[in-house]
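Subject: Structure handover

Hello,

Please find the structure below, passed on for your own work. My notes on what was found follow after it.

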Amino acid sequence: QQGVEVTIAVVDGDGRTVGQASGPSDAEFAFRVASPQLWSPASPTLYNLTLTLGDDRVHSYTGFRTVSAGLVDGVQRPLLNGEFVFLFGTLDQGFWPDGLYTPPSREAMVYDLRMLKRLGFNMVRKHIKVEPDLFYRACDEMGLLVIQDMPSLPADGNRPPNPAQQAEFQRQLEVLVQEHKSYPSLVVWDNHHYANPQCGTPFYSILSSPYDPRRIGFQGEFGGIGHNVSIEHLWNVQQAIDTINQTYEVSADLEAYNYRAGVIFRELTEQVERYACSGGVWTQTTDVEGEVNGLYTYDRRVLRANVSQWQADIRGLYDAAHGRGGARP
């Protein structure tokens, strides 16, 4: 309805209205909420929203936070609420043995995210897939930052996209952003994963490196250590099984797997301490079909990570970032 008054109320977790305003239903209007608690991985505070138009009432939620980039001690950093927050999460492909790209339930999605939060990750990178809205809401509620990939065009120089395909990619990218930009947890858009190299990977200590100090340095995809398991935990399709040996590296057992993880964490911690590393993406949350380098197996029945070791190693990354001007862990 045009020209009809709509009222919006912002309500905190205790049921108190902390902001309210009215305005026309067919035009943008603004109002202030005084001193809201800011949303962050450490404190994922959300507020309920109620919009009223005549006899109709709609409920939603929001969080208050800012995302920007800026210099911290001379290094370009990602800033959440004005503070440098080291972004550390997993590559999350979102495959399921009982639904492929379709999660079996909200509880299944949350199960993976809770594991990441328990280990100490503060971010998840959704890899060339768009999840149901319940995924992003869970990240909002749990306090997990999201890097969202755009499902990419083929990275094949022999068949570049034609103008119509490129235009359709652009259209779908704009739809993706417009539909998801209001989730507090979603802070970074990755629109050319396979088509272009990732900035800042790896980190070099010489001036002739490709690293651009005007951009944020990030360890784009690393880790990826694997560990084979018995057939009941694998995607039991021969074509997938035949590709297991293509995993970055495969450890003989979980003791070796966690030892190698510790070595890689020490290397990343040194990059944070010495260079301009502002985040990293560990490959990956779960196994997917022919890949056996997940923290969880494909069926989510085996967690490879030694929980106490990984918690300590991840905390060490945040401590290193704090020593370079980052937020207190």
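Searching the whole structure, which is a predicted model, turns up 1 cavity of 30 Å³ or more. The largest cavity holds about 50 Å³ of space. Its lining is made up of Asp92, Gly94, Trp96, Met109, Asp112, Leu113, Lys126, Glu131, Phe135 and Arg300.

Next, the domains. The assignment for the chain gives two stretches: domain 1 covers 4-62 and domain 2 covers 67-323. Between the C-alpha centres of domain 1 and domain 2 the distance is 32 Å.

As for how the two meet, 8 residues on the domain 1 side are in contact with 15 residues of domain 2. About 890 Å² is buried between domain 1 and domain 2, and carbon and sulfur atoms account for 68% of that area. Within domain 1, the residues that lose the most area to domain 2 are Trp39, Pro41 and Tyr61. Together these three make up 69% of what the domain 1 side buries.

On the polar side of the interface, 4 residue pairs are in polar contact between domain 1 and domain 2, counting pairs with both residues at pLDDT 80 or more. The side of domain 1 that touches domain 2 consists of 6 nonpolar and 2 polar residues, with no charged ones. How many salt bridges does the rule find across the interface of domain 1 and domain 2? The number is 0.

Regards

Notes:
Residues are numbered from 1 along each chain as its sequence is written. This is a predicted model: local features need pLDDT of at least 70, side-chain atom pairs count only at pLDDT 80 or more; totals for chains, interfaces and linings use all residues. Side-chain values use heavy atoms; hydrogens and water are left out. Domain bounds come from an automatic or database domain assignment. Contact means heavy atoms within 4.5 Å. Buried area is the accessible area (1.4 Å probe) that two parts lose on being put together, summed over both. A salt bridge is a side-chain nitrogen of Lys or Arg within 4 Å of a carboxyl oxygen of Asp or Glu. A polar contact is a pair of N or O atoms within 3.5 Å; within protein, one must be able to donate a hydrogen and the other to accept it, and residues adjacent in sequence count only if both atoms are side-chain atoms. Ala, Val, Leu, Ile, Met, Phe, Trp, Tyr, Cys and Pro count as nonpolar, Asp, Glu, Lys and Arg as charged, and the others, Gly among them, as polar. On a 1 Å grid over the protein atoms alone, a cavity is a set of points where a 1.4 Å probe fits but cannot get out, and a pocket is an open set with protein on both sides within 12 Å along at least five of seven lines; lining residues have an atom within 4 Å of a point. Grid points are joined across faces, edges and corners, and a volume is the space filled by probe spheres set on the points.
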